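Trainee: I would like to go through the salt bridges in this one. Can we start once the model is up?

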Amino acid sequence: MAILANRQTRVIVQGLTGAAGTFHAKQMRDYGTAVVGGVTPGKGGTVHEGFPIYDTVAQAVAATDANASVIFVPPHGAADGVLEAASAGIDLIVCITEGIPVLDMVRARRALEGKACRLVGPNCPGVITPGAAKLGIMPGYIHKPGSVGIVSRSGTLTYEAAFQITELGLGQTTAVGIGGDPVKGLDFIDCLALFEADAETKAILLIGEIGGTSEEDAAAFIKANVKKPVAAFVAGLTAPPGRRMGHAGAIISGGKGKAADKIAALKEAGIAIAPTPADLGKTVAAMMR
Amino acid sequence: MGSPPDGMMGFGEVAVVIVPGSVSERWWGRPPYRNDRVQSRFFAVATAAFENSLDIPSASQYAALPASSNRRGTKHAMKIHEYQAKSLLAKFGLPVPMGIPVLEPSKAAAAAEQIIQATQNQTVVVKAQIHAGGRGKGGGVKVVKGLAAARETAAKIYGHKLVTHQTGPEGRIVKRLLIEQGVAIASELYASVLVDRAKSRVVVMASAAGGVEIEEVAAKTPEAILLEHVEPTVGFRPYQARNLAYALGLRGEVAKNMVPFLLKLYEAFVALDASLVEINPLVVTTDNRVLALDCKMTFDDNAVDKHKEVVEMRDLDEEDPTETEAHAFDLSYIKLDGSIGCMVNGAGLAMATMDIIKYYGGNPANFLDVGGGASQEKVTAAFKILTADPAVKGIFVNIFGGIMKCDVIAAGVIAAVAEIGLRVPLVVRLAGTNVELGAKMLAESGLPITAASDMADGARKVVDLASGKRN
């Protein structure tokens with residue numbers, strides 16, 4: 001089971017022949033993911049590190065039956081890459097690229113409306129279903145198959161969470177890094193709905209951060225729709241207003257998007273809050289007892 | 001419309017029926033114009049004056065900019081001054097008061113004279129140009145009459161410290177002024193364009209409650225804020241601009257002037273890849289024109305390098321020099337006011353590290369994300385920035401290696417300490433890729449480094465060491 005990715009997932013990498021694309025395509029393959037090819041315009045027909053390369057996503061899909069794509073295309077072409085994947089019939093699009101202009105994403109999101117595909121990211125670590133498929137840049141070995149679903153706006157904090165859960169012997173069904181950009185694909189509530197419907201997932205860990213209202217929306221959604229235990233952490237309690245904390249989306253502006261407000265909303269929805277980032281695993285484990 | 005129109009219309013009408021003469025004291029001026037022909041000439045002059053007198057620093061001044069200032073991923077929230085924003089508005093045909101930026105106080109009188117001559121009106125406004133709001137309340141905006149008063153006021157503001165609620169108590173030294181014509185105001189409105197992340201759409205916002213902090217309006221009377229979300233495939237439509245104009249309570253000529261104003265505002269936002277264009281106040285003059293009396297513009301860091309004219313408006317005087325240095329190394333660094341320096345990989349983990357330091361009773365001195373794939377040189381540069389801050393009493397390096405390898409972090413820290421020494425306690429927590437190798441390198445370096453087993457252990461240790469509770 002798990003969500004989004006499993007052993008049947010057949011992955012192509014857009015931008016595979018670039019440095020990051022090459023490194024991570026190999027890492028994904030080493031993890032056991034079915035990476036069936038890559039797309040780099042102008043290099044179609046070649047083979048790179050054992051991966052067949054195609055000029056377009058449509059050609060790659062026709063040749064390989066790929067149903068997922070991981071995008072490493074540079075920022076100014078990445079939104080185009082997302083739309084190319086969607087138009088070629090890819091079901092799951094994971095966009096790793098950081099630095100995409102926000103108006104590009106506004107237009108891309110509009111173009112994806114009504115399509116069945118799912119977009120994860122951009123500016124995210126990707127999706128991993130331990131033991132089955134790794135679509136992203138996270139270190140594989142800190143994960144293990146298990147029963148906790150993780151959904152997070154952060155990259156390395158997700159690794160921290162997965163590691164703590166693995167150390168406690170619980171493991172993960174799937175870990176999804178939804179990314180730190182203000183305009184993106186899947187949000188918390190999309191992933192919460194998938195985890196709630198997944199029979200293998202016994203508990204959910206949500207990792208938020210300052211900026212926007214996704215955590216408040218998630219709290220309301222959980223209260224109404226999620227019966228499984230949920231634990232959460234929100235980074236940025238000490239972040240000053242008006243300063244963007246690395247992620248384009250992580251900014252407290254106009255008094256909105258504060259960590260304290262998000263934590264209050266989550267608590268109000270009956271969600272257990274990890275007091276520190278060192279207690280992510282313990283907090284979710286306590287919910288499962 | 002995003003809000004109930006009933007209450008709004010009433011609100012708008014009340015706000016607009018401000019008779020000339022009862023206008024706010026911050027902004028006033030006798031009607032400078034006698035007829036339409038003269039007015040349009042004034043606006044032509046205003047636009048030309050902006051384009052000719054922008055006083056953009058020379059190429060050599062900008063050569064001092066770090067190479068990364070227009071590189072992607074520098075994570076710098078690009079801001080510009082009011083006079084620069086207004087010059088951009090003018091290029092898009094948006095009406096702004098006639099104004100001349102002044103970079104040295106000796107030129108203030110000449111600028112004021114030029115404006116008085118062109119407008120045949122003795123009233124001018126002297127405005128401090130700093131990258132912070134609240135300038136009016138802080139004494140950085142003065143309405144004066146005549147040349148002598150303009151010169152005197154400019155001398156009082158220029159080169160002096162301006163403290164506003166956004167600058168913090170240390171304030172900012174004013175190094176640029178904008179001298180503007182006085183404007184006769186009938187009412188003050190508000191307009192802005194930004195991205196509504198919850199809807200993944202650009203939104204045009206307007207309110208009849210202008211001239212005050214829009215956050216206060218949003219908190220107290222959310223119904224007084226009007227929203228029109230933009231469908232990206234067709235852009236902001238004239239009917240949406242009309243919806244806003246009439247809901248603001250505008251009628252007749254003023255409403256007709258507001259529609260193209262809002263359309264051009266959206267056009268400028270999109271064309272410039274702005275992240276915010278805010279006109280507050282957007283004034284209706286006593287002769288029924290609409291005018292951008294103030295303007296705040298910020299830009300999408302991920303797109304600003306497409307706009308050379310905007311990148312060139314960067315003012316390094318308004319930036320923390322340490323942050324500028326960090327950006328040169330492509331490090332995401334923000335100075336804070338605590339005493340525990342932290343170096344972390346990843347924005348979320350960096351924020352979480354700040355939080356756990358606070359949880360154990362310390363205060364973070366900075367936010368520092370070295371990024372996903374930092375080189376040894378980058379780590380060394382980051383470490384030097386931390387140790388150069390005199391407020392730092394202890395350093396916490398917290399790394400979860402993924403793409404970033406722990407041995408690279410260890411090598412960078414060792415190289416930095418070898419070069420500049422170590423004057424404060426250093427706690428290092430490593431996890432993830434190549435953790436054993438990194439830990440071994442640090443242990444064998446002979447440096448006085450305290451190893452931590454996890455985040456909590458590291459945070460506790462650095463807080464104790466920095467406060468002298470532990471040796």
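Trainee: Which residue forms a salt bridge with B:D315?
Mentor: This is a predicted model: local features need pLDDT of at least 70, side-chain atom pairs count only at pLDDT 80 or more, and totals for chains, interfaces and linings use all residues. Residues are numbered from 1 along each chain as its sequence is written, chains are lettered from A and ligands numbered from 1 in the order in which they are written, and side-chain values use heavy atoms, with hydrogens and water left out. A salt bridge needs a side-chain nitrogen of Lys or Arg within 4 Å of a carboxyl oxygen of Asp or Glu. Here the closest N and O atoms are 3.4 Å apart, and the partner is B:R176.

Trainee: How far apart in sequence are the parts that B:D315 and B:R176 tie together?
Mentor: B:D315 sits in the loop between α10 (308-311) and α11 (321-328) of chain B. B:R176 sits in the loop between β6 (172-173) and β7. Helices (H or I, at least four residues) and strands (E, at least two) are DSSP runs, numbered from the N terminus. The separation is 139 residues.

Trainee: Are B:D315 and B:R176 buried or exposed?
Mentor: Buried means under 20% relative accessible area, exposed over 50%, partly exposed in between (1.4 Å probe, protein chains only). By that rule, B:D315 and B:R176 are both buried.

Trainee: Which residue forms a salt bridge with B:K86?
Mentor: B:K86 belongs to a salt-bridge network that includes B:E82 and B:D294. Its closest N–O distance in the pair asked about is 2.4 Å, to B:E180.

Trainee: How many salt bridges are there over all chains?
Mentor: Side chains of opposite charge can pair when their charged atoms come close. Over all chains, the count is 30.
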